[in-house]
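The sequence and structure come next.

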Amino acid sequence: MKIEIQQDGIWYHGSNKIFSQLRTNSTITQWKELAEAFSHQPSGLGYDDDGVISHNGTEKGYLYIIDEPITVGVDIYQHPRTTMDENAEFLTKKPLKVKMICEL
């Protein structure tokens, strides 16, 4: 599956915890549904060629957006050990401010 990164796009993080700052080396994505799925803390997650995600997570989750400007290659970089397609997962190089946008 081809995932396009939008320079001014929204970056998401899913978690089962409440906080206001994301730690260094946290995973973020522009794929909202992927962040939502990760918020449920699955031990298994996959998606098909159409982007339909399946997972076994059962935790209550929270969806966050990154609440400050970020630049690929400066503030974040592609996850080097991901099993997902290119541009699905990025890691943070520094702490980033976040804003919770919904409870899942």
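## Largest pocket

On a 1 Å grid over the protein atoms alone, a pocket is an open set of points where a 1.4 Å probe fits, with protein on both sides within 12 Å along at least five of seven lines; lining residues have an atom within 4 Å of a point. The model is predicted: local features need pLDDT of at least 70 and side-chain atom pairs pLDDT 80 or more, while totals for chains, interfaces and linings use all residues. Residues are numbered from 1 along each chain as its sequence is written, and side-chain values use heavy atoms, without hydrogens and water.

The largest pocket has a volume of about 370 Å³, a volume being the space filled by probe spheres set on grid points joined across faces, edges and corners. Its lining has 21 residues, with H13, G14, S15, S26 and T27 nearest the centre. At least two lining residues come from each of β1 (12-15), β2 (21-22), β3 and α1 (32-39); helices (H or I, at least four residues) and strands (E, at least two) are DSSP runs, numbered from the N terminus. β1 supplies the largest share, four residues. By class, seven lining residues are nonpolar, eleven polar and three charged, where Ala, Val, Leu, Ile, Met, Phe, Trp, Tyr, Cys and Pro count as nonpolar, Asp, Glu, Lys and Arg as charged, and the others, Gly among them, as polar.

## Helix α1

L34, A35, A37 and S39 are the buried residues of α1 (buried: under 20% relative accessible area, 1.4 Å probe, protein chains only). Their cover includes β1, β4 (45-47), β5 (53-55) and β6. Just after α1, Q41 has a positive phi of about 55°.

## Three-stranded sheet

An open sheet has the order β3-β8-β7, with antiparallel pairing; strands pair if DSSP finds at least two bridges between them. β3 (27-28) and β7 (76-78) are its edge strands, each pairing on one side only. Two bridges join β3 to β8 (residues 90-92), and T27 stands opposite L91 of β8.

## Nonpolar cores

A nonpolar core is a set of buried Ala, Val, Leu, Ile, Met, Phe, Trp, Tyr and Cys residues joined through side-chain atoms within 4.5 Å. The largest comprises eleven residues: W11, L22, I28, Y62, Y64, I66, I70, I76, F90, L96 and V98.

Leaving aside residues up to four places away in sequence, I70 touches W11, I28, D75, I76 and L96, contact meaning heavy atoms within 4.5 Å.

Technical notes. Buried < 20%, exposed > 50% of the residue type's maximum accessible area, 1.4 Å probe, protein only.
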